[in-house]
Amino acid sequence: MKSHVQAVVIGGGVVGCSVLYHLTKAGWRDVALVERDELTSGSSWHAAGSVHTVNLDPNVAKLQQYTINLYKEIEAISGQSCGVHITGGLMLAGTAARLDWLKQAHARGRYLEMETQFVSLDEAARTFPLMDKKYFVGALYDPIEGHVDPAGVTNAYAKAARVQGAEVYRFTRVTELVQRREGGWDVVTDKGTIRAEHVVNAGGLWAREVGRMVGLELPVLAMQHQYLITEEIPEVKASAKEMLHVIDFEGEIYMRQEGNGMLLGTYERAGVPWSEQNTPWDFTHELLAPDLDRIAPSLEVAFRHYPALERAGIRKVINGPFTFAPDGNPVVGPVRGRPNYWVACGVMAGFCQGGGVGLALSNWMVHGDPGFDIWAMDVGRFGDWTTRAYTNAKVRENYARRFQIRFPNEELPAARPLRTSPVYDRLKQCGAVFGAAFGLEHALWFAPAGGEASEDITFRRSNAHGPVGEECRAVRHAVGLMEISTYSKYAVTGPGAEAWLSRLLTNRMPATGRIVLAPMLNPQGMLIGDFTVAQLANERFFVFGSGIAEDYHMRWFAAQLPENGVAIRALRSELTGFSIAGPRSRELLRRLVAVDVSNEAFPFLSFRAMDLGMVPALVGRITFTGDLGYEVWVSADYQCALYDLLVEAGRDLGLRHFGARALHALRLEKSFGTWAREFRPIYGPFEAGLGRFVDFRKHDFIGRDAALKEKEAGPKRRLVTFVVDAADADCIGDEPVWHDGKVVGWITSGGFGHHVGKSLALGYIPAELAAADRFEIEILGERRTATLTRRPVFDPDGKRMRS
Ligand SMILES: Cc1cc2nc3c(=O)[nH]c(=O)nc-3n(C[C@H](O)[C@H](O)[C@H](O)COP(=O)(O)OP(=O)(O)OC[C@H]3O[C@@H](n4cnc5c(N)ncnc54)[C@H](O)[C@@H]3O)c2cc1C
């Protein structure tokens with residue numbers, strides 16, 4: 001065993017082996033993998049080995065596609081067969097809503113060059129003769145689905161890595177991780193200690209334990225999962241071709257051929273977790289006791305939909321555990337506060353996703369950036385609020401819903417409410433329908449008095465459409481009140497605060513009492529943040545950004561922080577806020593303060609401490625609605641008092657509550673982009689339309705050289721706004737944009753602009769098409785005409801914000 005390596009990967013399941021292989025491929029040869037037992041001895045050995053590309057997040061779907069296509073490469077390098085059977089696959093819809101979902105998945109796949117296609121039910125039944133087509137309304141064919149040999153794949157990764165210089169130490173358990181003062185880690189094993197600059201936790205079923213070695217409670221939990229293998233089925237035996245892989249959403253079933261029978265797995269609704277607190281170290285190539293009763297409801301559906309299965313006996317039932325994160329996507333990346341400690345866990349479909357996870361993580365470790373948009377699997381999307389019990393509730397919910405439709409307007413109920421702000425009950429009394437962001441409850445919209453505070457889940461416009469329209473009109477014509485505590489807020493202080501922020505962000509820093517908008521770039525010149533920065537007093541800054549990215553951003557801030565001179569603190573629930581927006585918002589503010597808030601005394605982009613009644617607050621003259629407006633921030637203990645004041649003082653001004661849905665509609669009317677939709681690490685500031693906030697007069701900010709190159713070469717893509725000829729469904733994001741019969745771009749967000757009365761969408765298209773006017777956007781399988789608008793449809797000159 002080596003005593004010193006560049007990186008140690010802990011865990012020889014499919015994921016750890018993939019990470020090891022990809023590290024060698026990226027150029028790190030001095031790397032080792034440490035496995036407690038034999039390779040595959042966690043979840044990997046008993047996997048069904050099905051592979052498919054379906055994922056709600058198109059970026060994860062693309063990485064799944066990469067994984068499946070990778071198998072030829074590792075077979076060639078290792079000489080080890082992966083047992084790949086790419087049979088093609090059918091996704092079967094039994095309801096109209098599921099068909100809409102498939103249309104959406106198909107459309108999303110288009111701009112990622114995924115080649116799914118709808119086939120008639122006759123064609124589906126011809127290619128998969130076991131199905132009874134009367135139970136289905138549609139079928140989507142995917143040419144790259146099938147199955148692989150789990151042990152073959154895992155070993156092929158490991159062998160290919162070894163060919164490229166890596167070492168693999170089997171039957172060696174990591175017992176302790178000790179951070180070295182000079183950097184790096186002592187990886188203590190039962191066979192000796194390895195000093196490593198980097199450590200990767202690919203511990204699979206034991207990822208929590210390997211997390212706890214560095215004081216982390218990772219949000220993963222194992223669930224029991226069952227599949228069965230039937231006896232020989234005559235129709236299967238007689239078939240000249242191997243049976244297709246099939247996903248039948250209504251039965252929560254996946255299926256593929258195994259020998260001359262079928263392998264059938266289910267994600268049953270009554271899923272059962274395994275080892276909820278600790279995973280036993282002596283668990284190895286073991287299975288759990290089968291429980292056919294638990295999967296009986298799915299089997300009944302299977303027997304109806306595929307009558308030949310009922311006639312076949314069951315040869316074997318497998319019940320094994322594998323891990324999930326609260327939202328079902330992998331948990332990947334560097335961990336804040338643990339330099340050079342990386343995670344690659346919670347991978348629930350290692351044979352579909354393992355390659356993509358290995359590629360992204362190795363890029364990140366070797367080149368400093370994952371190289372793709374992996375927000376959906378970044379460990380930074382969780383935080384310390386994702387406790388063990390939270391994870392438990394969410395993972396169970398996710399498992400039970402694995403094959404259910406997640407509607408675009410659907411808020412999932414498990415583990416809620418968890419975080420609430422002080423005004424939660426008051427908002428609830430006003431009819432608020434809540435969503436949760438970063439665990440915090442926030443109002444999406446308000447049901448009218450006497451109406452039910454719940455929303456129909458649908459791909460089309462819901463019962464919220466009317467009330468949200470009323471909220472938007474109140475903002476545009478009078479004054480609206482919205483709680484904005486979900487934003488992230490950071491206090492940055494110390495003698496070096498301004499210089500540090502200036503290096504971190506692209507814009508010049510604001511003078512005292514002023515606000516600027518400032519993107520943040522990585523060294524590759526890609527957007528990794530988008531902030532509002534206010535200077536309250538000398539070297540005392542407040543930075544506001546996206547709430548869901550708080551941990552993601554704190555990880556970056558912490559990595560860039562100098563040892564002395566600057567302190568940054570995430571204010572999370574300490575600072576709560578309201579936005580008051582609309583032409584009468586100044587009148588509302590004026591009634592509550594003793595200072596001059598006229599446009600001359602307190603112009604657009606001002607920031608100041610002032611008392612509203614008895615409540616000490618920080619007030620910024622800014623709003624994301626694009627109207628005249630203010631953001632009022634108070635410490636949480638004043639939030640109810642402030643709320644009562646604002647509501648009382650606004651009563652005769654036509655004040656109305658508005659929620660996140662209305663804010664979304666209002667910002668679309670202004671073509672304002674937002675983090676995780678328009679602004680993501682795959683876009684540069686110029687293509688995202690943020691070039692005016694990049695101040696090249698500053699000589700030293702992260703990403704400057706790359707941003708300058710983007711500016712000089714001209715952006716390749718452009719973020720644009722469309723007015724869409726929609727029917728009863730608006731864009732939600734990820735729809736393909738067509739031009740001249742070809743898919744040329746994608747939508748990042750969409751909705752109905754209630755004030756302007758138009759369906760709107762933001763999205764990216766090639767820069768050379770930015771002069772064109774007519775496009776089409778595919779919504780639920782229909783191509784709708786979309787007209788590119790070069791200016792915001794509401795107040796294009798920004799007069800309202802400055803009035
Ligand atoms: C019944 C069943 C069916 C499945 N079907 C499919 C399918 O069809 N398609 C699909 O893509 N996925 C499927 N999966 C899921 C798939 O098995 C997992 O996604 C995958 O195995 C996860 O791999 P991993 O490397 O993250 O974890 P694991 O396989 O659990 O590997 C982790 C490894 O780390 C080692 N380890 C942990 N701690 C230490 C330590 N301290 N020191 C040294 N070594 C350590 C363990 O011994 C283990 O070998 C299925 C799972 C089950 C249970």
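**Figure 1. Contact between helix α1 and helix α2 in the predicted model.** Helix α1 covers residues 14-25 and helix α2 covers residues 58-78; their axes come within 13 Å and cross at roughly 70°. Angles from 65 to 115 degrees count as roughly perpendicular, and α1 and α2 are therefore described as roughly perpendicular to each other.

**Figure 2. Packing of helix α13 with helix α18.** Two packed helices are described by the angle between their axes and the distance between the axes. For α13 (residues 465-477) and α18 (residues 660-669), the angle is about 60° and the axes are 9 Å apart. That angle makes α13 oblique to α18. The crossing of α13 and α18 is right-handed. On the α13 side, the contact is made by Val468, Glu471, Cys472, Val475 and Arg476, and on the α18 side by Arg661, Ala662, Ala665, Leu666 and Glu669. The residues of this contact divide into six nonpolar and four charged, with no polar residue.

**Figure 3. Helix α11 and the strands against which its buried residues pack.** Helix α11 spans residues 388-400, and its end C-alpha atoms are 18 Å apart; this agrees with the 18 Å that its 13 residues should span at 1.5 Å a residue. The buried residues of α11 are Tyr390, Thr391, Asn392, Lys394, Val395, Glu397, Asn398, Tyr399 and Ala400. These buried residues pack against four strands: β13 (221-230), β16 (261-266), β17 (273-274) and β18 (314-324).

**Figure 4. Ala415 and Pro417 in the loop between α11 and α12.** Pro417 lies in the loop that runs between α11 and α12 (424-429). The peptide bond leading from Arg416 to Pro417 is cis, and its omega is near -10°. Ala415 also lies in the loop between α11 and α12. The phi of Ala415 is near 60°, which is a positive value in a residue other than glycine. Ala415 counts as partly exposed because its relative accessibility is 25%.

**Figure 5. Arg572 in the loop between β28 and β29.** The loop that holds Arg572 lies between strand β28 (567-570) and strand β29 (575-581). For Arg572, phi is near 40°, a positive value in a residue other than glycine. The relative accessible area of Arg572 is 18%, so this residue is buried, given that buried means under 20%.

**Figure 6. Thr512 and the residues that it touches.** Thr512 is found in the loop between helix α14 (497-504) and strand β25 (515-521). With residues up to four places away in sequence left out of the count, Thr512 touches Gln535, Leu536, Ala537 and Asn538. Thr512 has a relative accessible area of 48% and is therefore partly exposed. Thr512 and Arg311 are 201 residues apart along the chain, and their C-alpha atoms are separated by 78 Å.

How values were computed: Residues numbered from 1 in each chain as written. Predicted model: local features only at pLDDT ≥ 70, side-chain atom pairs only at ≥ 80, totals over all residues. Heavy atoms only, no water. Axes fitted to C-alpha atoms, helices over the stretch in contact; angles between N-to-C directions. Helix = DSSP H or I, 4+ residues; strand = E, 2+ residues; numbered from the N terminus. Parallel < 35°, antiparallel > 145°, perpendicular 65-115°, else oblique. Left-handed = near helix turned anticlockwise from the far one by under 90°. Contact = heavy atoms within 4.5 Å. Nonpolar A, V, L, I, M, F, W, Y, C, P; charged D, E, K, R; others polar. Expected span 1.5 Å × (residues − 1). Buried < 20%, exposed > 50% of the residue type's maximum accessible area, 1.4 Å probe, protein only.
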